[in-house]
Amino acid sequence: MTQPTPMTPAEATAAAQAVLDTVETAVVGKRESLELVLTGILAGGHVLLEDLPGLGKTLAARSFAQALGLPFTRAQFTPDLLPADLTGAEVFDQRTNEFVFRPGPVFTGLLLADEINRTPPKTQSALLEAMQERQVSVEGTTRALPAPFHVLATANPIEHEGTYPLPEAQLDRFLLRLSFGYPTATQEWEVVSRRLDRRREEQTVAEVLDGPGLLGLQQVVEEVHVEDSVGHYAVDLVSATREHQHALVGASPRGTLALITCARALAVLRGRTYVVPEDVKALAHGALDHRVTVKPELWLQNATGAGVVESVLQQVEVPDAIRPPTADVPANAGGGGAGTRAGDRA
């Protein structure tokens, strides 16, 4: 079993920022979105990238795998993809007259599940089981997946012919759902300019971490302090989605856990050993939008889960940011302000 590399909070922040800097050499102008993708990985979860084709989803996944030093595989999801094509299968070896297990692409460090909505629910479920349980069962034998193991899945939100949209219960398994969006004209020219300078299509980035280093970073995340007031703020946000007039089904307690877990990871990225309300607010849409189902009669009014989450963000009172007396905060800590000492107003 892989042993984590011990890190101090300052070392963890420096390592995470170095990963972001490295990935940004390949993916232009998406620092904020890349920060959220890395947040999901540091929180130990999986991320769904739902966006239009050609906006860098695949490039981002490959770049993160290279920068994090993780084995990388890509599974192109198609209507004829079978569960065994992902998990692997027992194959008869004529030389030994025995069945030998041939592992599928899910046995990796970072799996890119490309166009996950193009494969039938049976295959989707096989992947989602592996994501949740970190193991697969083939021919009655359960095999553990390597650690770390993360999935970055992509989906096309506008093409519906020949697709199998993920049900809400399966969407709930993704820690975050994010999109990159179109670049600005300046950023788009930067993409073209770098391609011209590179004189080839392929891009690679330098390795910054390795598997044990990522596990060590994730251990630091587990030490991040969450003040009760901030925790209650997250609970109030999620509860408000269930009571919103446009919501048929609000976010579940898994949404609250996702919000807090990711907020701790974001705090490490931003150089803090404690969570502030701004961390929760920054992650609310990524962690909750896909967990909210709006009433069917409101679809024609363009009511969305994002609209519900934005509404509750405006309604729920934001608590003061509080810094624990023992917090060791770097002088250049970023992200939403450092707050004040315990008991003081932010």
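Visitor: Which residue takes a positive phi in the hairpin of β6 and β7?

Guide: Look at Glu139, whose phi is positive, near 55 degrees. This is a predicted model, by the way. The hairpin has two residues between its strands.

Visitor: And how do β6 and β7 run, parallel or antiparallel?

Guide: The general idea comes first: strands of a sheet pair through backbone hydrogen bonds, either parallel or antiparallel. Here, strand β6 (residues 135-138) and strand β7 (residues 141-144) run antiparallel, with four bridges joining them. If you want a spot to check, Ser137 stands opposite Thr142 in β7.

Visitor: Now the open sheet. What is the order of its strands?

Guide: Read across it and you get β2-β5-β8-β1-β9, five strands with parallel pairing. At the edges sit β2 (72-76) and β9 (176-178), each of which pairs on one side only. Neighbouring strands in this sheet are turned against each other by 20 degrees on average, ignoring direction.

Visitor: How many bridges pair β2 with β5?

Guide: Five, in the parallel sense, and β5 covers residues 110-114. Two places to look are Phe72, which stands opposite Leu110 in β5, and Arg74, which faces Leu112 in β5. On to the next pairing: β5 and β8 are also parallel, over four bridges, and there Ala113 stands opposite Ala153 in β8.

Visitor: How should I read the two faces of a strand, and which residues of β5 lie on each side?

Guide: In a regular strand the side chains alternate between the two faces of the sheet. In β5, Leu110, Leu112 and Asp114 are on one side, with Leu111 and Ala113 on the other. Both faces are covered, and five of the five residues in β5 are buried.

Visitor: Which helix lies across β1, β5, β8 and β9?

Guide: That's α2 (residues 31-42), lying across β1 (47-50), β5, β8 (150-155) and β9. Against β9, helix α2 runs at about 160 degrees.

Visitor: What else packs with α2? I'm curious about α11.

Guide: The buried residues of α11 pack against α2, and also against β9, α9 (228-243), α10 (253-269) and α12 (305-315). Those buried residues are Pro277, Asp279, Val280, Leu283, Ala284, Gly286, Ala287 and Leu288.

Visitor: Let's turn to aromatics. How many aromatic pairs are there?

Guide: A pair of aromatic rings is described by the distance of the centres and the angle of the planes. The count here comes to two aromatic pairs. Phe92 and Phe99 form one that is edge-to-face, 5.3 Å centre to centre with 65 degrees between the planes. The other joins Phe101 and Phe107, also edge-to-face, at 5.7 Å centre to centre and 70 degrees between the planes.

Visitor: Which residue lies over the face of Phe101?

Guide: Arg143 does, at 3.9 Å from the ring centre. Another ring with a charge above it is that of Tyr274: the charged end of Arg272 sits over it, 5.9 Å from the centre.

Visitor: Last one: which residues is Thr13 in contact with, away from its neighbours in sequence?

Guide: Setting aside neighbours within four places in sequence, Thr13 contacts Val268, Leu269 and Gly271. Thr13 is found in helix α1 (residues 9-24) and is buried, with a relative accessible area of 14%.

Methods
Residues numbered from 1 in each chain as written. Predicted model: local features only at pLDDT ≥ 70, side-chain atom pairs only at ≥ 80, totals over all residues. Heavy atoms only, no water. Phe/Tyr/Trp six-rings, centres within 6.5 Å; stacked < 30°, edge-to-face > 60°. Lys NZ or Arg CZ within 6 Å of the ring centre and 35° of its normal. Pairing = 2+ DSSP bridges. Axes fitted to C-alpha atoms, helices over the stretch in contact; angles between N-to-C directions. Contact = heavy atoms within 4.5 Å. Buried < 20%, exposed > 50% of the residue type's maximum accessible area, 1.4 Å probe, protein only.
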